[in-house]
Amino acid sequence: MDIIWGNVGKVLSDQTFELNLTHRKDGNKNTYSDIEKIRISETDFMSLPADINNYTKELVEENLSGVFVKCEIKDKDEEGNWISSVSHSGQGGY
Amino acid sequence: MLQSWPSITIDQNEILENNKKLSKIIDGEFSVLIIKNFYDKDSCNTIIQRINSNTPNQHQIKKIGVSLVSHITRKVEYFAEADKARKTLREIFFELEDPRKKIHSTLSKFFPDKEISIAVENSKKYACGVIRLHEFGDSAAIHRDNVSYEAKNNDVSKFPIQLSTVLYIQQSENGGELVLYKKSWEKSDERFRNIEFGYKRDVVANSTQHVKIKPNQGDLIIINPNYYHEILPVKGSKRRITLGLFLAFSKYGKKVVTWS
């Protein structure tokens, strides 16, 4: 599975955002630009609703804007968004 | 050119007359408050013996206890581990003056108008103290500790001011210094994150002041962990062993809560 990391940039909808990439896994099958569009398939952010259908653009902005995340790429949708599992990546401190 | 960020050093018996100094750590005027001779060396050595016999495969165990930020997506597990860790730490401090209680008692001198207690959430106690073990080659990358940002789903994140206390149980022979930079975290710094832990060195590129300290065994330090800091690589055969405990409060609130 391809993995990319970066900071959540512009939130586009209740389930999509732009990712400003900072890291790419060695051996990724696809090539990724510095900004990619991500569609959230699932997250581990407990501050977001458990059911992704209850996400709103405002909630995603409030909880994810600027956050450093890991995106495990599952597929690509018809609009060109990478369908990804979005999760915390590591720790900024203790 | 980097200038030295001044620190404050007091002795254990000078706390009461210096209890206003913490505000200078919070606002960054000073880098660190060092309380010399906080905990007696004989007790430190007993703790070291107990840790060494409990951790025979020394290089595999990096901490004893629980840290909240390692469990931000596993809240139920955190509180379960916190309870287990309570028992383990009590055994390590058995029949000694519990250093965590001593830290609490010291905090009550700094905050005479506030109640000091272990943080509780939904009747569950947070973990109280984590012992970190750094052996030869170990270090901690530049990082900051900010529960308000990292653990939004936890009640401790609601307190606006966070400090960090660290008791030095054993110092390394060489290396293992703590370096603090006069640069506090901003959200835009998240672009400098490392995948696993901490930040690239670029995050402190514009910092004009820093300090490098190596407290002695038995010393307690208090820092504002929102300022970036790192631990330099440990050298020599002796492990660097510390006990860490966070505290948080609000300026006009009645409580100081502690956790790890």
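This is a predicted model: local features need pLDDT of at least 70, side-chain atom pairs count only at pLDDT 80 or more; totals for chains, interfaces and linings use all residues.

A: Two residues are taken to be in contact if their C-beta atoms, placed from the backbone, lie within 7 Å. Leaving aside neighbours within four places in sequence, Val32(B) is in contact with Ser7(B), Ile25(B), Leu180(B), Val211(B), Ile213(B), Ile221(B), Ile222(B) and Ile223(B). Val32(B) also belongs to the largest nonpolar core, which holds 65 residues, and together with Leu247(B) and Trp259(B) touches the most other members of that core. The largest share of this core is supplied by strand 17 of chain B, residues 240-249, which contributes seven residues. Apart from this core lies another, of 14 residues, which includes Val8(A), Cys71(A), Ile73(A) and Val86(A). As a general background, nonpolar side chains tend to be buried together in soluble globular proteins.

The strands of chain B give a further view of this region. Strand 12 of chain B, residues 178-184, is mostly covered, with five of its seven residues buried. Strand 12 of chain B runs antiparallel to strand 15 of chain B, residues 227-231, and four bridges join the two; within that pairing, Leu178(B) has Ile231(B) as its bridge partner. Strand 12 of chain B is also joined by four bridges to strand 13 of chain B, residues 209-213, again in an antiparallel arrangement, and there the bridge partner of Leu178(B) is Ile213(B), a residue that is likewise in contact with Val32(B).

Turning to chain A, one finds one helix and five strands, which follow one another along the sequence in the pattern β-β-β-α-β-β. Buried residues account for 28% of the 94 residues in chain A, and of the contacts in chain A between residues at least 6 apart in sequence, 50% join residues at least 24 apart. The C-alpha trace of chain A spans about 40 × 35 × 20 Å along its principal axes, while its radius of gyration, 12 Å, agrees with the value near 12 Å that a compact globule of 94 residues would have.

Finally, the two chains meet where 17 residues of chain A are in contact with 24 residues of chain B. On the side of chain A that touches chain B, strand 1 (3-11) and strand 2 (16-24) of chain A each supply at least two residues, and the residues of that side divide into five nonpolar, eleven polar and one charged.

Conventions:
Residues are numbered from 1 along each chain as its sequence is written. Chains are lettered from A and ligands numbered from 1 in the order in which they are written. Ala, Val, Leu, Ile, Met, Phe, Trp, Tyr, Cys and Pro count as nonpolar, Asp, Glu, Lys and Arg as charged, and the others, Gly among them, as polar. The radius of gyration is taken over C-alpha atoms; the globule rule is 2.2 Å times the number of residues to the power 0.38. A residue is buried if 20 or more other C-beta atoms lie within 10 Å of its own, exposed if 12 or fewer, and partly exposed in between; C-beta atoms are placed from the backbone. Two strands pair if DSSP finds at least two bridges between them. A nonpolar core is a set of buried Ala, Val, Leu, Ile, Met, Phe, Trp, Tyr and Cys residues joined through C-beta atoms within 7 Å.
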